[in-house]
Amino acid sequence: MNAPKIHTHELPNLERAENGVVMRFAPNPSGPLHLGHARAAVLNDAYVERYGGRYILRIEDTDPKRVDPDAYRMVQEDIGWMGLRITDIFYQSDRFDQYYKIGGDLIGLGGAYVCTCENEQFRVLKQAKTPCPCRGHTIEENLELWQKMLDGAFYEGEASLRVRTSLDHPDPAMRDFPAFRILNEPMHPRIEAHVYPLMNFTVAVDDHLMGVTHVIRGKDHIANTRRQKFIYEYFGWNEPVYRHYGRMGIEGVVLSTSQMREGIRSGMYSGWEDIRLGTLRALARRGIQHEAVRQVVLDIGIGETDISFSWDNLFAKNRDIIDPVADRFFFVPDPVPFAIAGATAREAHALLHPGDGKKGYRTLKFEEDVVLPGQEFQNDVKMIRLKDLFNVTVDWSSGSPLLTYAGEALSDARAQKAPIVQWLPAEGATRCTLHSPDGDIQGLCENTVRTMQDKVVQFERVGFVRIDSVTDEGIIAYFCHK
RNA sequence: GCUGCUAUAGUGUAGUCCGGCCAAUCAUGUCGGCCUUUCACGCCGACGACUGGGGUUCGAAUCCCCAUAGCAGCACCA
């Protein structure tokens, strides 16, 4: 066995980071974390690790429509699984009073105005670079309207606070974007509010108040960064260093939380842990190690190129970690019973790990009746070696295969190019269902696997699996990768 | 439509800022071989890329221009 050769691309250095950094991971608690979150979380974590400093977890729960009360817990669990070195935790829902105050300050600076236009009407005016009537309010009028908003004088959609940018800005996305809105429902799970701040406002305010020095986030935030800079400018705050990495598409899975939620609701998926999902808990259930996720994310880096995530690359990292430590066991898919003629009862000893004899071996009793993988008999094999036991010849003359003891010598099996297959005693094996993304496989496995709950083992000639549960009914395992 | 970002092998990535050391790195993948009582691991070998077109230059993956493609934003989501 060799030490796992982990070589990961070095992340580029960050400017203005020599004296330490303050960075943040800021998820929306709408569901559990997935691979997309892991990228942001790990990248930031790695830089805090490199430069030293604080790593802030900021729960961005300012949209009650997109808050799942369970997600507060799930996000924490997922962060724990990833092993992030979080030093500070903030909930934006605890900070509304500050946002209101600073919103008022921004109005006082002439940087924001209360807009009571209809949304669609404003959109049209904006495209035409034309100010809406509300833009002409004086600061005093705005302050008054703002107070009315806070006092509940407006209903949902009737008023918003907009940041005054530049109406002839070439990018329509920059023109007078909203900072607060009014929402009458749903109720926020943690607080009572009807004036809700929007992310471009809270992010700018919080990044400043929390002393964030470096922001690493996806390219989809480039426009938001530019919007947030307007707020920095009004207040004269120092901007953090921004880096935006490219979009990451993931082959074969839905990453959108709302789509996953819908799939779960409709029964298409069993839950957030369904192994067909890209959630971290789904990966963990299959036996993907958090360190493999970290490595693959660091390997991908912070390039601005849009990329497609490759499961192969993740599996390779995971295999590097798992292969040296995973115990080996026999699993017989599609088990077919056979009686071996001419063999004497005995015990077979098979290494728990072929590269590490110190781990010892497991013992399998042979007493004439065994089960073998059905697919080994699809073509007319003449000889098979039962691994760690002996050779058998296969006689097809009666139509169905008859197996007869054919000696111990491995060299005979080699000479005959006999397949070496996993086997189990017909009496003394445990039922095992192996769930894989491609479907379920029924089979039998060694009884010892009963002691391996939550561990990742290798089913020889099948692949690495995680033992999910052990009951009187049998074992449930999840296929990880070859 | 407007605005912006990106463009190296099947996938990820190095090199691009400061042109020559790049007939382009490493990993993964695929194929072949060796090793092996697993179709795992390990070892050896092969395959495979600078989006296209102009320009600057003695010389361009690297600089400039144009084109094309992909992505994102233009939400009272994050």
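**View 1. The backbone of Pro170 meets RNA strand B.** In this predicted model, a backbone N or O atom of Pro170 lies 2.9 Å from a sugar or linking oxygen of RNA strand B. Several elements give two or more residues to the surface near the strand, namely α4 (119-127), β6 (178-182), α7 (222-235), α10 (290-300), β11 (307-309), α11 (311-322) and α12 (410-415).

**View 2. The side chains of Asn119 and Arg385 reach other parts of RNA strand B.** A polar side-chain atom of Asn119 is placed 2.8 Å from a phosphate oxygen of RNA strand B, whereas for Arg385 a polar side-chain atom lies 3.1 Å from a base nitrogen of RNA strand B.

View 3. Of the atoms of RNA strand B that come within 4 Å of the protein, 72% belong to sugar and phosphate.

**View 4. Gln92 in its loop.** Gln92 is found in the loop that runs between β3 (88-91) and α3 (96-108). Is this residue, Gln92, buried or exposed? Gln92 counts as buried because its relative accessible area is 0%, which falls under the 20% limit used for that word. The side chain of Gln92 makes a polar contact, at 2.8 Å, with the side chain of Asp206. Leaving aside neighbours within four places in sequence, the residues in contact with Gln92 include Arg58, Glu60, Tyr99, Thr202 and Asp206.

**View 5. Aromatic rings that pair.** The count of aromatic pairs comes to 18, and one of them is formed by Phe235 and Trp237, which are stacked with 4.5 Å from centre to centre and 10° between the planes. Trp237 has a relative accessible area of 16% and is therefore buried. Elsewhere, ring pairs link Phe96, Tyr99, Tyr100, Trp146, Phe180, Tyr196 and Phe201 into a cluster.

**View 6. Arginine charges over phenylalanine rings.** Arg162 lies over the face of Phe122, at a distance of 3.4 Å from the ring centre. In another such arrangement, the charged end of Arg362 sits over the ring of Phe330, 4.8 Å from the centre of that ring.

**View 7. The two assigned domains of chain A.** The domain assignment of chain A gives domain 1, with residues 96-195, and domain 2, with residues 328-481. The C-alpha centres of domain 1 and domain 2 are 68 Å apart.

How values were computed. Residues numbered from 1 in each chain as written. Chains lettered and ligands numbered in written order. Predicted model: local features only at pLDDT ≥ 70, side-chain atom pairs only at ≥ 80, totals over all residues. Heavy atoms only, no water. Domains from an automatic or database assignment. Helix = DSSP H or I, 4+ residues; strand = E, 2+ residues; numbered from the N terminus. Buried < 20%, exposed > 50% of the residue type's maximum accessible area, 1.4 Å probe, protein only. Polar contact = N/O pair within 3.5 Å; in protein donor to acceptor, adjacent residues only side chain to side chain. Contact = heavy atoms within 4.5 Å. Phe/Tyr/Trp six-rings, centres within 6.5 Å; stacked < 30°, edge-to-face > 60°. Lys NZ or Arg CZ within 6 Å of the ring centre and 35° of its normal. Near = heavy atom within 4 Å.
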